[in-house]
Amino acid sequence: MVSSLARSWYEASFLSHGANMNFAYEKPTTAQALSRLLEQGGAGASLLAGGTDLLVQLRGRLIEPKLVIDLKGVEELSRLDHHDDGSVTIGATVTANRVIDDKRLSGAMAALPHACSHIAAFAIRNRATIAGNIANASPCADSVPPLCVLDAEVELRTTTATRRLSLPAFIRGVRATVRAKNEYIAAIHVPAQPKGTRSFFRKHQRVRGHDLALANAALLHDPERKRLRVAIGSCSPAPVVVVLDDLFESLDAQEAARRCMAAIIPISDVRASAEYRTDMTGVLVRRLFDDLKA
Amino acid sequence: MEYDIEVTVNDVRYKARIPASFTLLQLLRDVLHLTGTKEGCGIGECGACSVVFNGELVNACLVLGVEANGATLRTIEGEAKGEQLSDLQRSFIKHHAAQCGFCTPAMILTAGDLLRRIPTPTDEQIIEGIAGNLCRCTGYEAIVDAIREVARDAKGGAK
């Protein structure tokens, strides 16, 4: 009895033993072929980059695609390019560990690799992509607050068109984005930042190491354009960006924390209560100001 | 849909025909019968299925088998050379770093990957390196001791 129970649990535990779990797999090698497959696949197609979220959703039957399209065959999507003007393009299949290992992503963009080093654990970061972290639209995605304060744009492509959206415009809520069924994320574009700009990231989690954020936040300080802003994750259905340019001179951390705590709409769940998340957001914002002043 | 794939695992080439929905973990365990790689959670929380995929540590439960077509893999079955245990395996035994043993294959592969990247890690780097591998028996102290000793001996042995 025990062994047959154990065996049926074991069999059920794998992806392929459920009904309907019978999808096709394609790995196109050009962007055109990818777009065509996506056009044909329609609502039944799922995009696979790192797979670290997709396989969990497949296993949990949250999605039951007819076709899985692997983006990793398209060479141009794997590029992490630094352009002459200082802007950066992160291709759809660039992993968190590649962003962390890129020594040129420092100074103005330092919050991004720092946040990526907080995504899951090392082995997962070898697969997990920045584009996937955004596309999955989990409110606690660690790469999202830094990309928000850096004014990054998501490039969406179809067979015939391309459009670019800011992250707050792209992410509409919990696991909801404006990506159409025939669109894929080709890249994330991070604009050049003025000289002297710095960015910081902070995350609050239950245990150090492999854990999701209870609250996470990034701060950007741009002395040339006198811009100061904070983005907060995990505390609202979609990322919240708080513009604090009027505090640029005073750097009043208490006032900044107060405004950020007022801007979020946290929920209570298994990881933390809404009250606790609000308090921790205040703590994170004050600590980001400490980082800035240090 | 089923697909023909070829993988090289521990220097052995395998051909197999698998559904697209098979994970790499399922390919290793149920098709190739390499059962040293364990399934703990199956959703990337516990790290018990960590293997080396084209030189990079991955969780085999979060990779499709078809994604591994043409890949080179290393699993715990490739750790010892015949009867000769690796330095990490001997150190794990010496420090009693395995109790129930379920996390041990992945822990050894993770430690090996860590030491290739950072030959002389600090304790902090060892702890960060194994953060994705859960062990419910040892409390990690013995595992960190085992990895630290291998790193120290390799340092002493060099030059």
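Of the 294 residues in chain A, 55% are buried, meaning under 20% relative accessible area with a 1.4 Å probe, protein chains only. This is a predicted model, where local features need pLDDT of at least 70, side-chain atom pairs count only at pLDDT 80 or more, and totals for chains, interfaces and linings use all residues. Residues are numbered from 1 along each chain as its sequence is written, chains are lettered from A in the order in which they are written, and side-chain values use heavy atoms, with hydrogens and water left out.

So how is chain A put together? It has 11 helices and 14 strands, which are DSSP runs (H or I, at least four residues, for helices; E, at least two, for strands) numbered from the N terminus. Its C-alpha atoms fill a box of roughly 65 × 50 × 30 Å along the principal axes.

Now for the partner, chain B. Here 33 residues of chain A are in contact with 34 residues of chain B, contact being heavy atoms within 4.5 Å.

| Chain A and chain B | Value |
|---|---|
| Area buried between them | about 2,700 Å² |
| Share of that area from carbon and sulfur atoms | 55% |
| Salt bridges across the interface | four |

Buried area is the accessible area (1.4 Å probe) that two parts lose on being put together, summed over both. A salt bridge puts a side-chain nitrogen of Lys or Arg within 4 Å of a carboxyl oxygen of Asp or Glu. Take Arg125(A) and Glu128(B): they form a salt bridge, and their closest N and O atoms are 3.1 Å apart.

Conventions:
Buried means under 20% relative accessible area, exposed over 50%, partly exposed in between (1.4 Å probe, protein chains only).
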